[in-house]
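Morning, everyone. Please bring up the structure, and I'll walk you through it.

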Amino acid sequence: MAISDALLPISARKEDPLLSDESRSDPNAETRRRKRPVKGFFAVSFGLLFIAFYVALIATHDGSRRSNDVKIEDDETATTSSPARLAGVSEKSNDQLWKLSGERNTVAFAWNNSVLSWQRTAFHFQPEQNWMNDPNGPLFYKGWYHFFYQYNPNAAVWGDIVWGHAVSKDLIHWVHLPIAMVADQWYDANGVWTGSATFLDDGSIVMLYTGSTDKSVQVQNLAYPEDLNDPLLLKWVKYSGNPVLVPPPGILPKDFRDPTTAWKTSDGKWRITIGSKINKTGISLVYDTTDFKTYEKHDTLLHKVPNTGMWECVDFYPVSKTAVNGLDTSVNGPDVKHIVKASMDDTRFDHYAVGTYFDSNGTWIPDDPTVDVGMSASLRYDYGKFYASKTFYDQNKGRRILWSWIGESDSEAADVQKGWSSLQGIPRTVVLDTKTGKNLVQWPVEEIESLRLNSKQFDIEVGPGSVVPVDVDSAAQLDIEAEFEIKKESLDKILGDASVVAEAEEFSCQKSGGSTVRGALGPFGFSVLADKSLSEQTPIYFYVAKGKDSKLKTFFCTDTSRSTFANDVVKPIYGSSVPVLKGEKLTMRILVDHSIVEGFAQGGRTCITSRVYPTKAIYGAAKLFVFNNAIDATVTASFKVWQMNSAFIHPYYEEAVRALSRT
Amino acid sequence: MKMVVVVVVVVMMMVMVSEASMIEQTCKETPDFNLCVSLLDSDPRGSSADTSGLALILVDKIKGLATKTLKEINGLYKKRPELRQALYECSRRYKTILNADVPEAIEAISKGVPKFGEDGVIDAGVEAAVCEGEFKGKSPLTSLTKSMQKISNVTRAIVRMLL
């Protein structure tokens, strides 16, 4: 009431009919006398109304601002390790392009169909056209490997998402099948998104996937094969009681997606985990079920890491501490560690950590909390273009296999012009590195070797500052396995030379200038998709850096900065350090397949996938070089190069399926 | 009566100030505060939009600017026939903005997978820069392409708030 008094117009306060002298002599005194109390009343009520309005407005604005932040159980503790949030954030940036347009003043390369059609891969999985993203529900059933994927049937950009489907006998030769699931229910009307398969005890299959409802709420749905006798699993049925899970209290409707494969708990229930976030803390929710239709949510999380943002495509699985085979998702025991992996929405990096799972309460802790999932220093499957990855247990050969979405690094105009966008990486086996115990090791599935045609062996000494052409005819489809060794004399000389500065602590592939910057002990490696004058090239190399106390640290990098003249392409330098144990030689494997290059160092301890779009180094003009850009050190390179056949991925027709069945 | 009017005006100003602060708070986190505020203030939906809504308003601005630029490009074919090659490439790039980037961004932002929206928005800036580069420094479209890049940067910053 006090406020309203203050805001009352002064004249109103003065216009007390009993006190005012004017009113008595005024001819309109009667009317004025009647109007004054009314005016006063209006003034007071307007004043009150505006204040109430103003207060309400502030209150609702606060509410709308906070609508995206749920302040429930906000126990984010300060973390000293920096999050990977903005480092390497979506490499595409038109800032880079501005600089290019300004500096070089060269005309942008106008893509033509010849150059664009070369980009299509020969042996990587991709649909015949249009957009693809996350791998979904991979599994092996009745003799066939099944692969599902996020697919846009209408355009070469993300949208209108449905589940594409393909089968293969060997993870390499694929036949495309009809779309498995479309957005035909209210609970997935806005998108049939990512999901995972689980095998039940009776050998049947259930698929849990995220649907975006007609109101754009993210929910989890159950689906299963219509006919388990059909080895091609062509048709899928959605459970009539969908959705089976909706965002729980405290979780926003758009932060609830990508359910995992389920694993058995010690009391015989099935357990799944789903990534989410609370404010900026990435989390993984846990649910138990017996029938995949009703679930109990745990009060505790599988795990959480502050400042890592939304966790997409969470994956959770056991790895053996001692053996090299893969393990079924339900395996547990003293000889087993568990991996938690998540795709970080903020940075588009996939991170994982090795840790211990506690089945009694469905929680997990990392072995090394300083490199916890999503932290900038934590491990990544791949240091290049690699996201939304998912593993499955291949019961056929006892392996755990990793799929990953490899997006484009070019402009969408080019994607639209060429009519497609995105690839899958070559499926990789995943095991714990039994020698270090701290990281995973990945390797292209052995079936890819069936594509190897003729090979050539080379053993050469590469002096400092030299680039040597490798005579292999066509160089757009290659499998290279190489071993490098820095000559002992060079190594001793450099280690003994005090004037050679220790740089291991400062060096990073991304920031140290790329393959043209010469160091004492590197860079050396291969230059792929290079034209004969090296005007376009993609070097993949080791950089050995001297550390303090004369220890050596080895880095594995891919430099795409000069991979193409085109300036509407993102051209980063990727890489990371790679553990090299005593007595090990430096080994590298490279798969070249047109616009994708996959590099593996030390048997797959550090992997880098890159997308490259040369304009000159294509078709017959693409060459291979081996190089050594070190200042003084000589390197011996011993390597084998195979020409790779095409995998001849087929559209669906009877003959194609029959042909594959025969192999 | 005069006093009532004064009070009404004062309170309305206070109300306006508090309405603007959601837009201002958001725009402070973008690379171009003034551009951001002017774009959002000029749209009637701006005052009551949440972050997602603000992002969609800006995507709409991108769409409008792309349409305007395409019109300009079409007009230039006759006036500057010597630039035909560059204009053709620009036309292709701007059609991509309209037919691919904008729909992708709208769908992604509305459905809560903003990262695809970020890709679309970034690409709008890339396409504009490529188009500009086609003219080897003598572009007739510079203010339009620069504008697209600036709006793309601001929009991207807001879309990232949704991640």
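**A walk through chains A and B**

Let's start with a sheet. In chain A, β5-β6-β7-β8 is the order of an open sheet of 4 strands, and the pairing is antiparallel. Strands β5 (192-199) and β8 (236-238) of chain A stand at the edges with a single partner strand each, so one side of each has no neighbour in the sheet. From one strand to the next, the twist averages 30 degrees. For such angles, axes are lines fitted to C-alpha atoms, for helices over the stretch in contact, and angles run from 0 to 180 degrees between N-to-C directions.

Some ground rules before I go on. This is a predicted model: local features need pLDDT of at least 70, side-chain atom pairs count only at pLDDT 80 or more, and totals for chains, interfaces and linings use all residues. Residues are numbered from 1 along each chain as its sequence is written, chains are lettered from A and ligands numbered from 1 in the order in which they are written, and side-chain values use heavy atoms, with hydrogens and water left out.

Two terms for the strands. Helices (H or I, at least four residues) and strands (E, at least two) are DSSP runs, numbered from the N terminus. Two strands pair if DSSP finds at least two bridges between them.

β5(A) is joined by 6 bridges to strand β6 (residues 205-212) of chain A, and the two run antiparallel. Take A:V192: its bridge partner in β6(A) is A:G211.

Next, a hairpin. Strand β16 (residues 349-358) and strand β17 (residues 363-366) of chain A run antiparallel, joined by 4 bridges. A:T356 has A:I365 in β17(A) as its bridge partner. The hairpin has 4 residues between the strands, and A:G362 takes a positive phi near 65 degrees there.

Now chain A as a whole. Chain A has 9 helices and 36 strands. Of its 663 residues, 57% are buried. Buried means under 20% relative accessible area, exposed over 50%, and partly exposed in between (1.4 Å probe, protein chains only). Take the contacts in chain A with a separation of 6 or more: residues 24 or more positions apart account for 66% of them. Contact means heavy atoms within 4.5 Å. Chain A exposes about 26300 Å², with 55% of it supplied by carbon and sulfur atoms. Those areas come from the Shrake-Rupley method with a 1.4 Å probe; for residues, only the protein chains shown count as cover.

On to the later part of chain A. An unreviewed UniProt entry annotates residues 447-643 of chain A as "domain: Glycosyl hydrolase family 32 C-terminal". Such annotations may be inferred rather than shown by experiment; positions are given in the numbering used here, and feature names are shortened. Over residues 447-643 the chain is 5% helix and 47% strand, and the end C-alpha atoms are 15 Å apart.

What is the place of A:R452 in chain A? A:R452 sits in strand β25 (residues 452-462). A:R452 counts as buried because its relative accessibility is 17%. Its side chain makes a polar contact with the side chain of A:D479, at 2.9 Å. A polar contact is a pair of N or O atoms within 3.5 Å; within protein, one must be able to donate a hydrogen and the other to accept it, and residues adjacent in sequence count only if both atoms are side-chain atoms. Leaving out residues up to four places away in sequence, A:R452 touches several residues, among them A:E481, A:R589 and A:W642.

There is a sheet of 6 strands too. This open sheet of chain A has the order β26-β35-β28-β29-β30-β31, with antiparallel pairing. β26 and β31 (573-577) of chain A are at the edges, each with a single partner strand, so one side of each lacks a neighbour in the sheet. Neighbouring strands of this sheet are turned by 15 degrees against each other on average, direction ignored. β26(A) and strand β35 (residues 623-628) of chain A run antiparallel, with 5 bridges. A:V467 stands opposite A:F627 in β35(A).

Follow the loop between β26 (466-470) and β27 (477-486) of chain A, and you find A:A475. A:A475 counts as buried, at 2% relative accessibility. A:A475 and A:A621 are 146 residues apart in sequence, yet 8.4 Å apart in space, C-alpha to C-alpha.

Finally, chain B. Chain B has 6 helices and 0 strands. Buried residues make up 57% of its 163 residues. B:L162 lies in the segment after α6 (142-160) of chain B. B:L162 is buried, at 17% relative accessible area. B:L162 and B:P114 are 48 residues apart in sequence and 6.3 Å apart in space, C-alpha to C-alpha.
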